[in-house]
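Please walk me through this structure, one part after another.

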Amino acid sequence: MMVVQALLAGVFQVVQMALLLLLAPGLTGLVRVIKARLLGRRGPPLVQPYLDLLRLLKKEVVLAENASWLFRTTPYLVFTAIWLAAALVPTFSTALALTATADLIALVALLASARFFLALAGMDVGTSFGGLGSSREMMIATLAEPAMLMVIFSVAILVRTTSLSLIVDFMLSGGVGLRVSLALALISLLMVAIAENGRVPIDNPATHLELTMVHEAMVLEYSGRHLALIEAAGMMKLVLYMALIACIFLPWGIAAPNDGPVELLIGLVTFVLKLVAGAVLLAMFETGIAKMRVFRYGEFLGGALLLSLLGAIFLYVSTGL
Amino acid sequence: MLLLAFAGMARQWLPRAHEVVHGGMAIVCGGAALAVLVRLAMGETGIDTLALPVGLPWLHANLRLDALSAVFLLAVNLAACLAAVFGWSYARHDDEPGRVLPVFPLFIAAMNLVLVADDAFVFLAAWEFMSLTSWLLVLSTHREDETPRAAHVYFVMASFGTACLLLCFGMLAGTTGDYSFAGIRAQPQDVVSASIAALLVLLGAGSKAGLVPLHVWLPLAHPAAPSHVSALMSGVMTKVAIYGLIRVLFDLVGQPLWWWGSILAVIGAVTAVVGVLYALMQDDVKKLLAYSTVENIGVIAIGLGLALVFKASGVPALAALGMTAAMLHVLNHSLFKSILFFTSGAILTATGERKLDRLGGLIHKMPKTALFCLIGSAAISALPPLNGFVAEWMLFQAVLNGPLLEQWELKIGFAVIGALLALSAALAAACFVRFYGIVFLGRPRSPGAEKAREVDPVMLTAIGVPAFLCIVVGVLPTLVIQMIEPVNRLVVGEGLLDAGGHGGWVWLAPASAFGNSYSGLMMFLTIMILTILAVFMIHRYASNRVRRSIAWGCGFTDPAPLGQYSADSFSQPLRRVFAGHLFRTRERVDMPAPGETRPARFTLESRDPAWDWLFTPITRVVGWISERVDALQFLTIRSYLSLMFFALVALLVMVAVSQ
């Protein structure tokens, strides 16, 4: 029985990783389509991101003359780190083989690793754009990462674990009612997700005007397969955050470890539905708001940090273990 | 070691003195480290004591080796061995290596002696000897402009620290006059004197460790010494101070009070954030690393503070979690700080530059150093699957257990400490992206960086070994944690894995860690497999062609490398967000009017508030007292005799009154 369970967990893990890889460009495409419709444009077809990635993968890489080995390895490391981080978030089932390897804290640290290497790669060629992007990205991260950890603290104290699968199981069991702390944590996590994915109002994923770019400036020198990997990693990160928010705050539909095929199917369908809903909300939010000045980021993310800290403090004081 | 010190003194007559000294030290310390490692790995938990018939007549020099000393001995001697190997080669590029030679072995011997001391006299004598020898090492570069001031500041702070420790042991020994540690342990402490002793040791050992606001001397003194000595002072001497803190707070005073731990943890959290913010503002490689030491000491202090709080609250299993995190970070930090300081030494030999803004592009000229330094930078930024992350993971797990405590101050405090810890970790990553990006990446910013060469294999070995160890400890952390277990049982009464939970070599899942597990090995393997898979698939089925071209510069590529992002420009957003008020930074831009030909200027000022509020008053008081006392040197014989007479009378009166 144990062996069967372990095998199933392994299979689910592989299925989940493949699923994320397949769905990620679709989600980005969907957000773009909805945004275009909201603005009254026809917009690109839904499959455009897939086509873009395939086109980039087939092209040759143009490297700057003084690009080092670090520049060439970074896309692979970034892609792997984010893929692995995404693989840890339960999407359709909580029986995942990698659950015990890393918990939520490790997931945050994996994202931090990806950012660390990407920021270094931005500085590798020695142009001003790269440095500018890296510097701003790290500034955003210094506030977003603690805010995210504080959100994790709130959740972890409520359910007494930082393991994602156990959190989902606990949330599904209905042991947690409506809580002020969870509401604060949700708002904070949404703000962090917007900042970390480079969405409006922090960064504009569609811009190519140098002075307003953060993420795009950092990866300006990348081309061909390297760019494809970084773009794919960015798309995967969007799925990751949506799946994370969904699995903590809207865990309904996710199959438990011993569930049969019907529940698994329900899990898959609800996951896709949650992503679609997320895409609609994100597109509506982005259309309705303008981008911020760079030096207002501190206030936005500082607000996120304080909200999440407040939520955590409420829980620390109110919970005796 | 004494012999080697004499060899150093006899350098005029010994033709290859520096090789003898450094080689000898490498062998001695390597042997000592290996012996301790074997002892720890065998699970030897016994306590060996030794009383040498030297010292004061009624108190022999007592020495003792227990698990706590052993772990610190391992950290000290491992780092010392590496430093000696590095110094062996580094000294050849130094103008006057001779200045360091006699003191280097004595410094290491003194640190070892502090760790095995078992009475207050040996402890303090060794402590003071360690301070003095390290002070001499700082002075070895006395020709440089900043060194005399650094040495002066260091001297003042070191004597202040020793004075606090002296009073601390006085409080602990009380009226019995038994200054052996066994005697201190045996007698019950009353709350007031134990609390005063705890605060005094916080001041005394804290100033040596560099806890804010007593850190002002550290970033001046550590960078002034030659690089391998800086590595020792930063990576190891601060740990000896941490050892003093643990020995007194967890061992000698008996049962602790919860508010000592909360003070320590709060100071630690402030230290961590302030330290890393300073590090972000620095433009000198070694100063940046010294401030990063301040940050890491803060992280260790958080762990110790949490352990103390949990111990006082009667939950030893959780205290073990904090303690293990702190001890693991002690070992980790001595590893990655060795890598980073050795790297700074290697850069100094290769380029002759220490300023961040005069380096750049070294990844092409010094590829191996660059790789090792990348591992060190990633490890100190607490990235998985390296060693820094494991300690941080355990610290977060300890913080998460905060709601278990009774006092609501502690509950709120724990949440805030958790937030500050997370903030310092994120800032550390930004700091080391800046450090690595400016030094190793980009284009060379000076002729020295342009002409750099890879350093010799000996130096590379000294940098590479700790880099390798960083990976090993990160991937298989339980091997080291098993060695720390006896320390936990000794100082908090219970081991981390005693209450169940996994302690095998794959999984790290202590029962106290909130029902969680982490596996560095699994993570490392998964990352490797996925990366290889991605590389293979893409190169096989997509494209593997590469073309070199000039970088994209918006139509105009600036040929001057100074147009790159500089260290100050990198930290500008962070400065705006965090440091404006804290360091009173002032940016002035002097922009010439159109048509004027003078260059535009940008000046940046920042001040450390601890200087103005704390250090300047202390120096003023010390200076005032020493001027007054100075007058005593020039009295007549008559006045001296009368002074002695009155002193004698006063003492006799005191004895008469107290009887």
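**A walk through chains A and B**

Just after helix 8 of chain B, B:Gly210 takes a positive phi of about 95°. Helices here are DSSP runs of H or I with at least four residues, strands are runs of E with at least two, and both are numbered from the N terminus. This is a predicted model: local features need pLDDT of at least 70, side-chain atom pairs count only at pLDDT 80 or more, and totals for chains, interfaces and linings use all residues. Residues are numbered from 1 along each chain as its sequence is written, while chains are lettered from A and ligands numbered from 1 in the order in which they are written.

Now look at helix 8 itself. Helix 8 of chain B covers residues 191-209, 19 residues in all. From its first C-alpha to its last it reaches 26 Å, close to the 27 Å expected at 1.5 Å a residue. That expected span is 1.5 Å times one less than the number of residues. Its buried residues include B:Ala194, B:Leu200, B:Gly204 and B:Lys208. A residue is buried if 20 or more other C-beta atoms lie within 10 Å of its own, exposed if 12 or fewer, and partly exposed in between, with C-beta atoms placed from the backbone. What covers these buried residues? Helix 6 (147-173), helix 10 (227-252), helix 11 (258-281) and helix 12 (285-312) of chain B are among the elements that do.

The UniProt annotation "domain: NADH:quinone oxidoreductase/Mrp antiporter transmembrane", from an unreviewed entry, covers residues 117-402. Such annotations may be inferred rather than shown by experiment; positions follow the numbering used here, and feature names are shortened. That span of chain B is 79% helix and 0% strand. Its end C-alpha atoms lie 35 Å apart.

Next, find B:Asp66. It sits in the loop between strand 2 (61-65) and helix 3 (67-90) of chain B. Is B:Asp66 buried or exposed? It counts as buried, because it has 20 C-beta neighbours inside 10 Å. B:Val487 is 421 residues away from B:Asp66 in sequence, yet 8.3 Å away in space, C-alpha to C-alpha. Leaving aside neighbours within four places in sequence, B:Asp66 is in contact with B:Ile47 and B:Leu490. Contact means that the C-beta atoms, placed from the backbone, lie within 7 Å.

Strand 6 (residues 586-590) of chain B is another story. Strand 6 pairs with strand 7 (residues 601-605) of chain B in the antiparallel sense, over five bridges. Strands pair if DSSP finds at least two bridges between them. Here B:Arg586 stands opposite B:Glu605.

Turn to chain A. Chain A has eleven helices and one strand. Its radius of gyration, taken over C-alpha atoms, is 20 Å, close to the 20 Å of the globule rule for 321 residues, so chain A is as compact as a globular protein of that length. The rule is 2.2 Å times the number of residues to the power 0.38. Of the 321 residues, 60% count as buried.

Finally, see where the chains meet. The contact takes 75 residues from chain A and 73 residues from chain B. On the side of chain A, the largest share, 17 residues, comes from helix 5 of chain A. Strand 1 of chain A also runs parallel to strand 5 (residues 546-549) of chain B, joined by four bridges. There, A:Ala64 stands opposite B:Ser549.

Note on methods:
Contact = placed C-beta atoms within 7 Å.
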